[in-house]
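This report goes through a structure from its ligand site to its strands, cores and loops.

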Amino acid sequence: MSVSNGETYNDSNIFARILRGEIPARMVFQNEFAFAFHDINPQAPVHVLVIPKGPYVSLADFSVHAPDDLVVGFWRAVGDVARLLGLEEGGYRILTNAGQDAHQEVPHMHVHIFAGKALGPMLSRG
Ligand code: AMP
């Protein structure tokens, strides 16, 4: 199910539950700003999700409402995760879906990191 950008944060979403430790995740990194874990349905050999430790629906919400230290700490963590996973030499792609047209499924801000093969064109031509 997709979500719209104007939606109020609902802390029953699956990533909020992962942050609270209520359901398991294959963690790769965490600090005070961010938590990173393997996607349950990987779309590339490496497919990791990075989520901020705060109640934001999407980038539309995060970019307006998150405090500056969290915005900086989160985006720095995205780069840190890629580096820690050894992805810089081969390259990687980050992607964030925000709202309905992007088919955002989980209404907690997240960034996908894809790597491990030639990733092809940026958007499907289909
Ligand atoms: P999006 O369409 O950007 O909202 O992507 C949501 C992503 O979350 C998808 O790639 C799912 O495979 C992934 N996902 C959903 N539930 C879990 C979970 N419990 N653990 C890890 N990844 C998940």
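A backbone N or O atom of Val106 lies 3.0 Å from an oxygen atom of the ligand.

| Residue | Atom of the residue | Distance to a ligand oxygen atom |
|---|---|---|
| Val106 | backbone N or O | 3.0 Å |

Taken alone, the ligand exposes 510 Å², of which the protein buries 86%; accessible areas come from the Shrake-Rupley method with a 1.4 Å probe, and for residues only the protein chains shown count as cover. The ligand is surrounded by 17 residues, where a residue counts as near if one of its heavy atoms lies within 4 Å of the molecule. The closest are Asp39, Asn97, Glu105, His110 and His112.

The model is predicted: local features need pLDDT of at least 70 and side-chain atom pairs count only at pLDDT 80 or more, while totals for chains, interfaces and linings use all residues. Residues are numbered from 1 along each chain as its sequence is written, and side-chain values use heavy atoms, with hydrogens and water left out.

Next come the strands. Helices (H or I, at least four residues) and strands (E, at least two) are DSSP runs numbered from the N terminus, and two strands pair if DSSP finds at least two bridges between them. Strand S1 (residues 27-30) and S2 run antiparallel and are joined by 3 bridges. A hairpin of 3 residues connects S1 to S2. Across this pair, Met27 stands opposite Phe37, and Gln30 is opposite Phe35. S2 also pairs with S3, again in the antiparallel sense, over 5 bridges; here Ala34 faces Pro52 in S3. Because 4 of its 5 residues are buried, S2 is largely enclosed by the rest of the structure. Buried means under 20% relative accessible area, exposed means over 50%, and partly exposed lies in between (1.4 Å probe, protein chains only).

A nonpolar core is a set of buried Ala, Val, Leu, Ile, Met, Phe, Trp, Tyr and Cys residues joined through side-chain atoms within 4.5 Å. The largest such core has 20 residues, and Val50, Phe62, Phe74, Val81 and Ile113 touch the most other members. Strand S2 (34-38), strand S3 (46-52), helix H3 (68-84) and strand S5 (111-115) each give two or more residues to this core. H3 supplies the largest share, 6 residues. Another core lies apart from this one; it has 7 residues, including Phe15, Ile18, Leu49 and Ile51. Contact means heavy atoms within 4.5 Å. Beyond its neighbours within four places in sequence, Ile113 is in contact with Val46, His47, Val48, Val50, Val78, Val81, Ala82, Leu87, Tyr92, Arg93 and Ile94.

Two histidines belong to the loop between S4 and S5. His108 is in the loop between strand S4 (92-95) and S5 and is buried, with a relative accessible area of 0%. His103 has its place in the loop between S4 and S5 but is exposed, at 55% relative accessible area. His103 has a positive phi of about 60 degrees although it is not a glycine.

Which residues is His108 in contact with, leaving aside neighbours within four places in sequence? They are Tyr9, Asn13, Phe15, Ala16, Leu19, Ile51, Pro52, Gly54, Tyr56 and Val57. The backbone oxygen of Gly54 is 3.5 Å from a polar atom of the His108 side chain. Tyr9 and His108 are 99 residues apart in sequence and 7.5 Å apart in space, C-alpha to C-alpha.

Asn13 lies in the segment before helix H1 (14-19) and is buried, with a relative accessible area of 7%. The Asn13 side chain makes a polar contact with the side chain of Tyr9 at 3.1 Å and reaches the backbone oxygen of Asn10 at 2.9 Å. Not counting residues up to four places away in sequence, Asn13 touches Val106, Pro107 and His108.

Methods: Polar contact = N/O pair within 3.5 Å; in protein donor to acceptor, adjacent residues only side chain to side chain.
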